[in-house]
Amino acid sequence: MTQQYASVTDLAKIFAIGRTKATELVHQMETDPDFKDNVISFSHRKKNVNIEAFREFLVTKVSRQWVK
């Protein structure tokens, strides 16, 4: 069985990004109607995120956003 959910800290490690950036991206996911159901919030500091949905969010919403 493969891991489906990860904490924000683990997402940062998996995708080789900073924890602060991962936190910011997860917050964006929570406010996006297409991705908000992929974040499980246990408290204001503890969240688990669907790894595959996070990858899809990066590819569809974040990738090349800086190029305008």
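Two strands are taken to pair if DSSP finds at least two bridges between them. Helices (H or I, at least four residues) and strands (E, at least two) are DSSP runs, numbered from the N terminus. The structure described here is a predicted model, in which local features need pLDDT of at least 70, side-chain atom pairs count only at pLDDT 80 or more, and totals for chains, interfaces and linings use all residues. Residues are numbered from 1 along each chain as its sequence is written, and side-chain values use heavy atoms, with hydrogens and water left out.

The model contains an open sheet of three strands, ordered β1-β3-β2, with antiparallel pairing. Because β1 (5-7) and β2 (39-41) each have a single partner strand, they stand at the edges, and one side of each is left without a neighbour in the sheet. From one strand to the next, the twist averages 25° (axes are lines fitted to C-alpha atoms, for helices over the stretch in contact, and angles run from 0 to 180 degrees between N-to-C directions).

Strand β3 (residues 47-50) pairs with β2 over three antiparallel bridges, and a hairpin of five residues joins β2 to β3. Three antiparallel bridges also link β1 and β3. Bridge partners include the following.

| Residue | Bridge partner in β3 |
|---|---|
| Tyr5 | Asn50 |
| Val39 | Val49 |
| Ser41 | Lys47 |

Helix α3 (residues 51-62) packs on the sheet, touching β1 and β3, and its direction makes about 70° with that of β3; contact means heavy atoms within 4.5 Å.

Within β3, Lys47 and Val49 point one way, whereas Asn48 and Asn50 point the other way, and all are buried. Buried means under 20% relative accessible area, exposed over 50%, and partly exposed in between (1.4 Å probe, protein chains only).
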